[in-house]
Amino acid sequence: MISTQAWQDAQRVWDYHQMHHPLKPCSVAIGLGSHDLSVATAAAGAYQAGLVPLIVFTGATSPTTRARFPEGEAVAYRKHALELGVPAEAVRVEPNATNTGQNITYSRELLESAGVNVASVLLVSKPYEQRRAYATARKLWPGVEIVCTSAPMEFPEYVDSIGDGRLVIDMLVGALQRLMIYPQQGFMIEQEVPEDVMAAYERLCSAGFTTRLVPADVG
């Protein structure tokens, strides 16, 4: 059973991971590969709303996505976007990235090689990865404006969509840990963690939500 305190702490961490950026027109949308097709849905929605003229989906496969997307995350995202009505010429695929840093770097290289002028990026991720994606992009692509978005889902709705509350809380905790240790390793810019969020993180770790933590000296 997950305690009431743990749910409250998880909600606080979830809220922190949201960037709450107002949507605005951008040069391109970049959809970060994962197990979650809602990323592709959100990117397609941005295109159809006229916010971006082009989408890049980026991602290879991982142990958690290989069975679901054997052709690769970015390829599966593109297929989903086309099914939603996005024209093929508006979608590019970057099929090699295996982490967030590579998502940003390889997408940047793809756009530069295609001669696409990028002043701003609509960065589309899973809801709880917004802040991590933002901090990584600001580090690796400092010359562009970064606007973060994801599927408009509240925490309970997201838990229901995954079907495993403990796993979701583990992922929230792991994402927050990376925000704290990766800046020192050069992977992202610093993000201030409020005291109440840090306290929630520490309680969740003490309660055993630790399966997605990494050793502090590992990138």
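This is a predicted model: local features need pLDDT of at least 70, side-chain atom pairs count only at pLDDT 80 or more; totals for chains, interfaces and linings use all residues.
1. The structure contains seven salt bridges. One of them pairs Arg203 with Asp9, with the closest N and O atoms 2.7 Å apart. Arg203 belongs to helix α8 (residues 195–206) and Asp9 to helix α1 (residues 4–17), so the bridge ties together parts 194 residues apart in sequence. Asp9 is buried at 1% relative accessibility, while Arg203 is partly exposed at 37%.

2. Lys24 and Glu145 form another salt bridge, their closest N and O atoms lying 3.1 Å apart. Lys24 sits in the loop between α1 and β1 and Glu145 in strand β5, so this pair ties together parts 121 residues apart in sequence. Both count as partly exposed, Lys24 at 33% relative accessibility and Glu145 at 38%.

3. Within helix α4 (residues 100–113), Glu112 and Arg108 are four residues apart, or about one helical turn. Their side chains meet in a salt bridge (3.1 Å, N to O). Glu112 is partly exposed, with a relative accessible area of 49%, and Arg108 is partly exposed at 28%.

4. Helix α2 (residues 38–48) has buried residues including Ser38, Val39 and Ala40. The buried residues of α2 pack against β1 (28–32), β2 (55–58), α3 (73–83) and β4 (120–124). Just after this helix, Gly50 adopts a positive phi of about 80 degrees.

5. A patch of negative charge on the surface is made up of Asp15, Glu154, Glu157 and Asp160. Glu154 lies in the loop between β5 (145–149) and α6 (155–162) and is exposed, with a relative accessible area of 54%.

Methods: Residues are numbered from 1 along each chain as its sequence is written. Side-chain values use heavy atoms; hydrogens and water are left out. Patches are made of residues with over 30% relative accessible area and no salt bridge: like charges are joined within 9 Å, nonpolar side chains (Val, Leu, Ile, Met, Phe, Trp, Tyr) within 5 Å. Accessible areas come from the Shrake-Rupley method with a 1.4 Å probe; for residues, only the protein chains shown count as cover. A salt bridge is a side-chain nitrogen of Lys or Arg within 4 Å of a carboxyl oxygen of Asp or Glu. Lys and Arg count as positive and Asp and Glu as negative; His and the chain ends are not counted. The place of a charge is taken as NZ of Lys, CZ of Arg, CG of Asp or CD of Glu. Helices (H or I, at least four residues) and strands (E, at least two) are DSSP runs, numbered from the N terminus. Buried means under 20% relative accessible area, exposed over 50%, partly exposed in between (1.4 Å probe, protein chains only). Contact means heavy atoms within 4.5 Å.
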